[in-house]
Amino acid sequence: MSDLANVYQLFRSKFEDNDFQYYYPPSYIRSLTECDDKIIFAFRKVQNHILSSEMDAVRPKQSPNSNGSASLDLTGSPLRDVSFEQFEEMNLSKEYQESSVQNLWTVDEETYAPLSTEKARSLLQAFISLECRIGRGSIWVLCCGTDSEQKVLLQLSVTAASNNQRQFTRGVVRFSGVQPSNSITLGQLIDIHRQRAGEGMKFSPKIQIQQWCKLHAQITLRLSWNTMGEGSTFAIERNARVRLSQEFPVNNGAFSRSSPAEYFWQQLQRLAMMRERIMDIRANRESGYARNDVCGEAEMDLEYIKQKVNNILSSFLEVEPVTYNASTIIDMVSLVQKRKLTDVMERLYDALTLCSSYEDLKAAIDYIFHLSTHSNIVNIPTNGTRFAQLILAMIQDRLAIPLLTGSEPYELLLECGFSKLMNDYRTIFTEGGIYELEFEKLFQPQVTNTRKSRYATGNGPQHDAHHGAPSKRSATLLFQSAAADERVREKSILLSNFDEDEVKLRLNRLAQVHLLLEHLLLLESAVNVPSIYGRVCELYLGRAPYSYGEVYNRRTDLLEFELDEFMLLRKADHVLPCARRVTMSSANMLQKLETVFYQNVKPILPGRFYPQFECKEVDSKHEFWCYEYDHIESL
């Protein structure tokens, strides 16, 4: 745990020539230490001219209506300020991919320039001599690596001893060159560590090894195991712990255009647009009554929709048992998308989404109510939505025809849309043998929010300037009791029962379920180990969902979990490692030396600050950039 806020303020006041930040460590320090505690990081801030010029080369010309402040956002998310239209125009060009995807460091870290090794050492030494309140944590200084040992990072860890005095632990990171991966042996690393430890320290035979393998462009396996003795090798042991990391390319919402599950994401988009319409109408905004954009391209005229509705309610439908024999998730997705709709409310929903305007939607629902009251209905709705309850009550002559006003037509349609999409996802997961989705649990709010929007619940009248005055009957309609027993008296059916927070939670959870489906499709195409799917679903749905809108501000979605799966170990046996981390230690009565050897197929530090490390021709198709991190601790 870090407690260095006072030290940070002291550094800023005493060493004004340098830049400092008290924050979570940069990516290269996390790779070396696997620690996420806040640190004080010393560097020299520079402008990112190189990346800016690359972005200028691929940035499309902005329209006059675009926001002039949408400049490069140096927060580690280079696509955050790029609109969806601009993203489509970029088309992930080669230059853009290289600047935002290929590097292991973030965009922010392109602006962290190193200090000279001498200055870094003197800065830490000066701090040791200063008087300040005791803090705990680590101080890191980025170095230029031009000295004989090619030091790139210096570390000073501060702790408080029992006598209220400061204790310091030192660390140093060296760049040891680019080497062919097959030339690096565990015995060589042990020899390097022992030379640094000297004869006065006893070598610990326990060695920790972590190895990363790329199974796919977006899927990485981390294998961890301990080995004993100096004769060990980098061969993966059968008892290795496995951690799978998958970065699904959300691409600011553009992922759906190339996804087999695009249809279901479009359904979710339609529900989100309905919600916006309801919010606009409740806020008395004219945009709520604008031409309908929730039906897509297949809008039809009102007479066609009425005829379709009449056929749904009044014509017998031959229903055959449905069996899903799909052997893969992608086949299951296709079957559910193309399935024949048999539920009455799902068929009505499918017809009503063809309406081209608010007036047509309102008229079509009113037509359904009149049919339910005056016609011979053979297909009775049973799915439990308010819309279905209203139709059933009118069929049974327990309810007069209600008058819809305000946002009520969209509210009834939205509830049916949620029901249909939930059924689609449930069928994919359950019939595909993947996981049993329990939407009742998923839709339970995790944090109670007592503050509601004034448009959140709507039992009160809605002022509708050009669509009629609010009806006294529009909020609540009562059934006439069908039985004398008080215990079975009919409850009221609310035409308007919109809860903004509840709808938002449902959208967020359904977006999470869809991203989970996308993750599973990617896992199936690249790994195809069905035994892990249930574990993936349990872990992914157990975390808090992103908001629906946040999906359009994300570049990737990370799925990461540990599992015990022998099949994945077998796949890793045939893949060359992309990174490796080896930890060993030696100690005596006074000190302990721990050495971390970190190797990666790519450099972990921005190359613009280390031109001397440029990779020379190596006679190997697979080489590692090698770093050595020594950490010396007093016991």
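Let's start at a strand pair: His216 stands opposite Ile219 in strand 9. Strand 8 covers residues 206-216 and strand 9 covers residues 219-228, and ten bridges join the two in an antiparallel arrangement. Strands here are DSSP E runs of at least two residues, helices are H or I runs of at least four, and both are numbered from the N terminus. Two strands count as paired if DSSP finds at least two bridges between them. With two residues between them, strand 8 and strand 9 form a hairpin.

Before going on, the ground rules. This is a predicted model, in which local features need pLDDT of at least 70 and side-chain atom pairs count only at pLDDT 80 or more, while totals for chains, interfaces and linings use all residues. Residues are numbered from 1 along each chain as its sequence is written, and side-chain values use heavy atoms, with hydrogens and water left out.

Back to strand 8, and to Lys206, which belongs to it. What does Lys206 contact, leaving aside its neighbours within four places in sequence? The list is Asn226, Thr227, Met228 and Thr583, where contact means heavy atoms within 4.5 Å. The C-alpha atoms of Lys206 and Asn226 are separated by 6.6 Å, with the two residues 20 apart along the chain. Lys206 has a relative accessible area of 41%, so it is partly exposed. On that scale, buried means under 20% relative accessible area, exposed means over 50%, and partly exposed is in between, with a 1.4 Å probe and protein chains only.

Strand 8 has another partner, strand 14 (residues 577-587), joined to it antiparallel by six bridges. Here Gln208 has Thr583 as its bridge partner, and Ile209 has Val582. Val582 also has a bridge partner in strand 15, namely Phe597. Strand 15 spans residues 591-600 and is joined to strand 14 by nine bridges, again antiparallel, with a hairpin of three residues connecting them. Strand 7, residues 202-203, pairs antiparallel with strand 14 too, over two bridges, and Lys202 finds its partner there in Ala587. Why call strand 14 largely enclosed by the rest of the structure? Because ten of its eleven residues are buried.

Now the wider view. The chain has 18 helices and 16 strands, and 49% of its 635 residues are buried. Among contacts with a separation of 6 or more, 72% are between residues 24 or more positions apart.

On to the inside. In soluble globular proteins, nonpolar side chains tend to be buried together. A nonpolar core here is a set of buried Ala, Val, Leu, Ile, Met, Phe, Trp, Tyr and Cys residues joined through side-chain atoms within 4.5 Å. The largest one has 116 residues, and Phe387 and Phe429 touch the most other members. Helix 16 (residues 500-526) gives this core its largest share, twelve residues. Domain 1 (2-46 + 103-200 + 585-634) and domain 2 (261-444 + 498-522) both contribute residues, so the core lies between them; those bounds come from an automatic or database domain assignment. Not counting residues up to four places away in sequence, Phe429 touches several residues, including Val513, Leu516, Leu517 and Leu520. A second, separate core of 28 residues includes Tyr28, Ile39, Trp140 and Ile604.

Last topic, charges. The structure holds 24 salt bridges, each a side-chain nitrogen of Lys or Arg within 4 Å of a carboxyl oxygen of Asp or Glu. Arg196 and Asp630 form one of them, at 3.0 Å from N to O. That pair links helix 7 (residues 186-197) with strand 16 (residues 623-634), 434 residues apart. Buried or partly exposed? Arg196 is partly exposed at 32% relative accessibility, whereas Asp630 is buried at 4%.

Asp424 and Arg339 form another, with the closest N and O atoms 2.7 Å apart. Asp424 lies in helix 14 (residues 408-431) and Arg339 in the loop between helix 10 (329-337) and helix 11 (344-352), so the pair ties together parts 85 residues apart in sequence. Asp424 is buried at 1% relative accessibility, and Arg339 is buried at 16%.
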